[in-house]
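Take a look at the protein below.

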Amino acid sequence: MKAAKIKNTRIYDANHEVLKAFKGSGIEIIIGLGNEFLKDISVSQDRAMDWVKQNVQPFVPATRIKGIAVGNEVLGGADQELWEVLLPAVKNIHNALDLLHLADDVEVSSPHSAGVFASSFPPSAGAFKESLMPYMKPLLEFFSKIKSPFYINTYPFLAYISDPEHIDINYATFKKNPGIYDEKTKLHYYNMFEAQIDATYAALEKAGFDKMEVIVSETGWASKGDPNEAGATVDNARTYNLKLRKRLLKKKGTPYRPKMVVKAYVFAMFNENLKPGPTSERNFGLFKADGSIAYDIGFTGLVPSAATSVFSFKACNKLIIFLLNVFIFCILKS
């Protein structure tokens, strides 16, 4: 990651071996508090404090833990009990950080899926589902109070495979295309990635939070898929992530929020060969499980050299195993 000049990363959990591995690296990391912990932490400030003391406090500042993602894709998900406990869990984790004098350095948020939207096309029509607003609005109010961004998982890939007959693959992968025109805002969009971000800004604006920053907590493209997963090819994955990387390096905003620099985490660092589900789920990685590149977007894969000892090569493989679920943040600084 350091060789590739990757400055920020995100993981799903708070694996201590991973946190130790990042010690002294200078790479900022967002850790995850899994959905399975939300109910217990929502009803107990003490349990929230214990979690922070075990998973955050011992590692900072040597490991640069930048934030905690409390839950993942909770609102709009199948477990409605989690909708009710998300905000209390977020509050208890933030309060624990505050009591330990860590709240100024460690951000708290919660990533959402496209399932939170009632509509997202055209971008100006972006709106949250009314059924979620009793849970979404108080959450947004708290995030606004503690100055946290809104995390959204944005996948043009998923949109494309759901309707390949009507969605232009070039529009989905940043290639040259006629684009789409939003009559309400008089703005033209030449890629779905920016359109999805601006749909999120429109939804936040309708909810009363027009000043909140949007950060893409996941985006990516599968390099392999099942026969029904149109577009899941190495060429499309390379095109999407290469052009996404170049887009992020420009540090520009979107058509609707030109002054808000687009920030995005790329899913994923490695292919996950043991993951269940469709073939695409195992093939989102920029790197293969052995550390070699899945396809070339300008990164150098890990390769053993003649001087590499057996011990150091085993240690490298061990680190790779620990990093299988790592996301990478493609806001790359020179």
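Helix H8 and strand E10 each supply at least two residues of the lining of the largest cavity. Helices (H or I, at least four residues) and strands (E, at least two) are DSSP runs, numbered from the N terminus. A cavity is a set of points on a 1 Å grid over the protein atoms alone where a 1.4 Å probe fits but cannot get out, and its lining residues have an atom within 4 Å of a point. Volume is the space filled by probe spheres set on the points, which are joined across faces, edges and corners.

The model is predicted: local features need pLDDT of at least 70, side-chain atom pairs count only at pLDDT 80 or more, and totals for chains, interfaces and linings use all residues. Residues are numbered from 1 along each chain as its sequence is written, and side-chain values use heavy atoms, with hydrogens and water left out.

The structure holds 2 cavities of 30 Å³ or more. In the table, Ala, Val, Leu, Ile, Met, Phe, Trp, Tyr, Cys and Pro count as nonpolar, Asp, Glu, Lys and Arg as charged, and the others, Gly among them, as polar.

| Cavity | Volume | Lining by class |
|---|---|---|
| Largest | about 40 Å³ | 7 nonpolar, 1 polar, 1 charged |

Ile197, Tyr201 and Lys263 are among the residues lining the largest cavity.

Now for the packing. The largest nonpolar core has 96 residues. Such a core is a set of buried Ala, Val, Leu, Ile, Met, Phe, Trp, Tyr and Cys residues joined through side-chain atoms within 4.5 Å. Helix H4 (residues 80-99) gives the most to this core, with 10 residues. Ile93 is one of the residues that touch the most other members. Beyond four places in sequence, its contacts (heavy atoms within 4.5 Å) include Leu33, Trp51 and Val108.

Which strand holds serine 109? Serine 109 lies in strand E4 (residues 107-109). Its relative accessibility is 1%, so serine 109 counts as buried. Buried means under 20% relative accessible area, with a 1.4 Å probe and protein chains only. Among the residues that serine 109 touches are Ile68, Phe143 and Tyr151.

Helix H9 (residues 234-249) has 16 residues. Its buried residues include Asn236, Tyr240 and Leu248. Helix H6 (156-162) and strand E11 (264-266) are among the elements covering them. Lysine 251 follows H9, and its phi is positive, near 55 degrees.

Conventions:
Buried means under 20% relative accessible area, exposed over 50%, partly exposed in between (1.4 Å probe, protein chains only). The expected span of a helix is 1.5 Å times one less than its number of residues. On a 1 Å grid over the protein atoms alone, a cavity is a set of points where a 1.4 Å probe fits but cannot get out, and a pocket is an open set with protein on both sides within 12 Å along at least five of seven lines; lining residues have an atom within 4 Å of a point.
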